[in-house]
Amino acid sequence: MRGVFVLYHYLDCHFQYRLQQSVFGNLACASDESWLSMRMARGRFVKSPVAFVCCVVSVCCLLVVVITVLKLPEASVTNRMMPSFRPRETRTILGDAKIGIFGEMIIKMLPEDLAFTVFIPSERAFERDLRFNASGSLKADKFNNTYAILTHIFGFSVVSRTISSDSVPFGEEISYDSLSGYSLYISKDSDGMLIVNGVRSEHVDLWKGKIVVHIMDGVIMDAEFEESVQTDDNEED
């Protein structure tokens with residue numbers, strides 16, 4: 001009986017040992033197969049250039065999108081809803097108002113590509129205050145005298161800067177020196193007309209190139225020159 005018991009115990013131990021070897025062997029085999037499949041898959045991924053390039057491109061695109069979103073400025077809702085309007089400057093080209101031949105002679109003394117302002121007497125003012133007329137003042141025997149007077153008027157009425165009616169505040173008086181050094185005191189009335197040394201304008205803001213022209217209802221000149229002109233007229237009479 002003891003021999004049978006020993007044989008039974010031996011066979012039982014041997015069976016359990018073989019069973020453990022079989023179970024752990026299958027687990028080890030399965031683990032080896034899983035590890036081998038992962039290595040093979042990784043090898044196929046690395047060896048496939050198309051898959052590798054697609055992965056790199058996808059990652060780069062994702063990074064670009066993220067960086068762009070982070071750098072976007074915050075747009076104001078008000079700025080998006082309210083369009084910006086820039087004021088459009090409207091200019092009246094010289095020629096829309098009649099300045100007469102004497103006014104044209106004064107303007108031709110200036111270069112059009114430089115900024116000047118001219119307060120030109122109207123054709124009626126030339127005739128009324130200086131007794132100028134196209135038929136008599138431009139004759140050969142009077143042309144030199146007429147041109148000399150226009151040269152003096154030019155010095156009194158030209159300022160070497162742009163002075164538009166919009167640049168003169170209403171209710172205030174500004175002053176500039178003319179080319180001859182004569183002081184011009186400029187203001188604006190309720191109708192938007194300029195008043196220069198007591199002489200009111202008939203037309204304002206006429207442009208010829210960079211020159212702004214204001215047509216005045218009178219001649220701008222100092223008292224001394226005015227007296228000399230009147231004396232010449234009295235002698236002719």
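A residue is termed buried when its relative accessible area is under 20%, exposed when the value is over 50%, and partly exposed in between. In this predicted model, Asn197 has a relative accessibility of 29% and therefore counts as partly exposed. Asn197 is found in the loop between strand S6 (194-196) and S7, and its phi is near 50°, a positive value in a residue other than glycine. Most residues other than glycine have a negative phi. A positive phi, of about 60°, is also found for Asp205, which is not a glycine either. Asp205 is placed in strand S7 and, with a relative accessibility of 16%, counts as buried because this value falls under the 20% cut-off.

The aromatic side chains were considered next. A pair of aromatic rings is described by the distance of the centres and the angle of the planes. A search of the whole structure finds six aromatic pairs. In one of these, the rings of Phe102 and Phe132 have centres 5.1 Å apart and planes at 45°, so that the pair is classed as tilted. Phe102 belongs to helix H4 (residues 100-107), whereas Phe132 lies in the loop between helix H5 (123-130) and helix H6 (143-157), and the pair therefore ties together parts of the chain that are 30 residues apart in sequence. Both Phe102 and Phe132 are buried. Ring pairs also bring in Phe126, so that Phe102, Phe126 and Phe132 are linked into a cluster.

A further tilted pair is formed by Phe156 and Phe225, with a centre-to-centre distance of 5.6 Å and an angle of 55° between the planes. Here, too, distant parts of the chain are linked, since Phe156 is in helix H6 and Phe225 in helix H7 (residues 223-236), 69 residues apart. Phe156 is buried, with a relative accessible area of 7%, and Phe225, at 11% relative accessibility, likewise counts as buried.

The buried residues of H4 are Gly100, Phe102, Gly103, Met105, Ile106 and Ile107. These buried residues pack against several elements, namely strand S2 (116-121), H5, H6, strand S7 (199-208) and strand S8 (211-216). Strand S7, one of these packing partners of H4, is also the strand in which Asp205 is placed.

Terms used:
Residues numbered from 1 in each chain as written. Predicted model: local features only at pLDDT ≥ 70, side-chain atom pairs only at ≥ 80, totals over all residues. Heavy atoms only, no water. Phe/Tyr/Trp six-rings, centres within 6.5 Å; stacked < 30°, edge-to-face > 60°. Helix = DSSP H or I, 4+ residues; strand = E, 2+ residues; numbered from the N terminus. Buried < 20%, exposed > 50% of the residue type's maximum accessible area, 1.4 Å probe, protein only. Contact = heavy atoms within 4.5 Å.
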